[in-house]
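Hi,

Here is the structure I promised to pass on. Have a look at it first, and my notes follow below.

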Amino acid sequence: MITLQDFNKETGNAYILFGHEAIQARPNLDPYTSTLRMNDETMQVYTSDVHLKHHARRGIKAYALENELTHPDSAIFYEKEDEMGKARDFATRIKLIRESQEITKKDENKKDALHHCLDLPLFGYVHAVKNENFSVTNAINTLFRPVTFHSCEILSLGRNNAFPSLDKDGEIKESAGSATVDSLEYGFFLSLWEINLNMLKVNAHEHKIMSWDETKTKGWIEMFVNGLWKAYTTDRFPSFTQRSQFAQFVIGWQPGSDVSYENPADLFSQLNNKQINNHADAVEALNTVLPHFLAGWDYNSDTSFLKHLDKNCPLNCLS
Amino acid sequence: MWRNPYESMGSFSCLGPAPSNIAGLIGAALGFASPKSQGAESHDEKALKKLDKKGLPWSVSPELLQWQSDNDYHVACRWMGDHPKRRPWNVNGCKDLDPVNDNLRMQQQIIEQPRYEVALKLSDEEADRIAKALREPKFPLSLGASFCRAIITNISIENEEPQRDNWAYWETVFAVGDATPLSRHIINAEDAGERIKSDGFWVYPTKYQPGELGHETFVKGYCFAEEPEK
């Protein structure tokens with residue numbers, strides 16, 4: 001488990017930099033084109049903030065269940081499908097949360113989901129129900145889109161499904177059963193998260209599961225970081241295209257002075273060899289470019305409250 | 001992601017913010033919460049229901065409306081980026097959940113690498129207060145949508161009006177170029193039953209589509225509505 005140093009500030013912004021790698025994977029395809037999202041000029045692959053938050057939610061649930069924090073049905077609000085893959089509507093989701101928390105009809109409150117689920121105080125939501133509507137601004141979000149800091153090699157790989165399907169006349173489709181897809185050979189992603197500490201308190205101060213008085217800022221950030229880490233280590237998504245993604249490092253800090261606002265994507269311009277194809281080269285490059293980047297963001301031993309590295313990730317620049 | 005109030009799905013971003021968007025940023029920095037947001041310190045349910053009935057389910061912060069009126073909010077904005085580009089961006093934007101078919105997903109087109117310069121006309125004292133708030137915002141600052149976080153740099157207080165050079169300009173009838181509906185908060189929203197009014201367009205000149213000379217730099221960023229006919 002990742003533990004934060006003592007950190008209970010309630011104003012200003014704090015930052016988390018999370019590094020993870022994807023090996024022979026297809027992270028966060030564009031749902032309309034089914035291709036990797038990338039910058040066509042630099043060949044940097046990126047994902048949406050929504051994608052990482054989806055995985056963070058899975059990890060937060062795993063963390064909550066491991067630590068027996070809450071009931072599995074109400075750990076995470078945004079579970080839009082049941083175990084059978086059937087879509088749930090908003091009202092059904094809220095009903096399930098109330099049942100799992102044994103909230104009786106007379107005790108129902110329009111903020112039951114916000115006060116019981118662990119993801120909503122972090123990522124916000126809109127309670128769009130007539131006569132009950134309210135909004136919760138996210139306290140934590142990626143500042144820039146998560147992206148590889150280097151060019152990536154993309155391969156076109158053939159796929160062969162077991163059986164082709166039939167057309168409406170009962171004839172076997174000529175092209176069915178096989179396809180060519182793009183595959184990311186290797187990518188080291190950096191995602192920079194901004195946490196508005198005041199917003200976190202505003203969203204979480206009445207929480208029934210994670211009492212603010214007991215957990216405060218530290219407890220909530222710890223849960224988020226552990227969730228993110230678990231989603232890319234012990235609780236990786238099992239699909240063929242997602243499971244080969246691994247957490248590498250996570251650091252957290254609250255700047256004490258002005259910062260550069262440098263986008264991790266722009267580290268690309270500082271690389272001598274733009275294309276990186278393996279873990280060792282990625283670590284070597286990060287050891288070169290991260291110190292200047294982090295200095296610009298005022299990350300140092302005085303401002304840092306979190307540092308956790310995978311054993312496989314010898315980033316000397318963070319030690 | 002600057003949503004266009006004339007577009008029902010809200011999926012195609014305008015090039016730049018409207019005065020109401022910039023007012024929202026200032027309100028977030030100062031900690032003026034919408035009455036229907038978790039950030040509001042107290043929720044007067046009776047008053048909120050009254051607003052619902054008046055057609056204002058998502059009303060603007062009363063403190064922000066007061067601030068605009070008290071400070072005679074005047075604003076200017078210009079595009080500082082390169083050739084404007086929009087990028088397809090898929091958000092898990094479930095406007096609704098359809099248990100039979102599937103979730104409705106929206107493909108949004110966001111502005112790539114947006115950069116703006118914004119000027120506000122304020123008294124010295126208020127300029128100091130706003131500059132401080134923008135450096136240490138109370139709530140997260142966003143560029144029109146919470147997934148597009150804003151970064152505000154190079155805050156300065158000047159005594160001279162900025163030169164009339166490529167600032168967004170107001171066209172009241174129709175616009176050529178990348179135009180944002182000139183939307184402003186209605187100060188007496190409760191009388192009008194509307195929180196925002198769009199009057200013509202705020203045209204953003206770009207490097208490849210320069211603007212017309214001679215326009216006023218600042219526009220009045222708020223408005224009043226007449227009471228609807230009974």
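A:Ser34 sits in the loop that links strand 1 (13-25) to strand 2 (38-39) of chain A; helices here are DSSP runs of H or I with at least four residues, strands are runs of E with at least two, and both are numbered from the N terminus. The phi of A:Ser34 is positive, near 55 degrees, in a residue other than glycine. With a relative accessible area of 43%, A:Ser34 is partly exposed (buried is under 20%, exposed is over 50%, partly exposed is in between, with a 1.4 Å probe and protein chains only).

Before I go on, some housekeeping. This is a predicted model, so local features need pLDDT of at least 70 and side-chain atom pairs count only at pLDDT 80 or more, while totals for chains, interfaces and linings use all residues. Residues are numbered from 1 along each chain as its sequence is written, chains are lettered from A and ligands numbered from 1 in the order in which they are written, and side-chain values use heavy atoms, with hydrogens and water left out.

Helix 2 itself covers residues 90-100 of chain A, and its buried residues are A:Arg93, A:Ile94, A:Ile97, A:Arg98 and A:Ser100. What do they pack against? Their partners are helix 3 (112-116) and strand 4 (125-127) of chain A, where a contact means heavy atoms within 4.5 Å.

Then there is A:Arg159, in strand 8 (residues 154-160) of chain A. A:Arg159 counts as partly exposed, at 30% relative accessibility. Its C-alpha atom is 37 Å from that of A:His308, which is 149 residues away along the chain.

On to the cavities. I used a 1 Å grid over the protein atoms alone: a cavity is a set of points where a 1.4 Å probe fits but cannot get out, and lining residues have an atom within 4 Å of a point. Points are joined across faces, edges and corners, and a volume is the space filled by probe spheres set on the points. That gives 3 cavities of 30 Å³ or more.

The largest cavity holds about 50 Å³. Residues from chains A and B line it, among them A:Lys110, A:Glu132, B:Lys36 and B:Asp52. By class, that lining has 6 charged, 2 polar and 1 nonpolar residues (Ala, Val, Leu, Ile, Met, Phe, Trp, Tyr, Cys and Pro are nonpolar, Asp, Glu, Lys and Arg are charged, and the others, Gly among them, are polar). The second largest cavity holds about 40 Å³, and its lining includes A:His55, A:Tyr232 and A:Gln245.

Last, chain B. It has 5 helices and 9 strands, and 48% of its 230 residues are buried. Its C-alpha atoms fill a box of roughly 50 × 40 × 40 Å along the principal axes. Of its contacts between residues at least 6 apart in sequence, 75% join residues at least 24 apart.

Best wishes

Definitions and conventions:
On a 1 Å grid over the protein atoms alone, a cavity is a set of points where a 1.4 Å probe fits but cannot get out, and a pocket is an open set with protein on both sides within 12 Å along at least five of seven lines; lining residues have an atom within 4 Å of a point.
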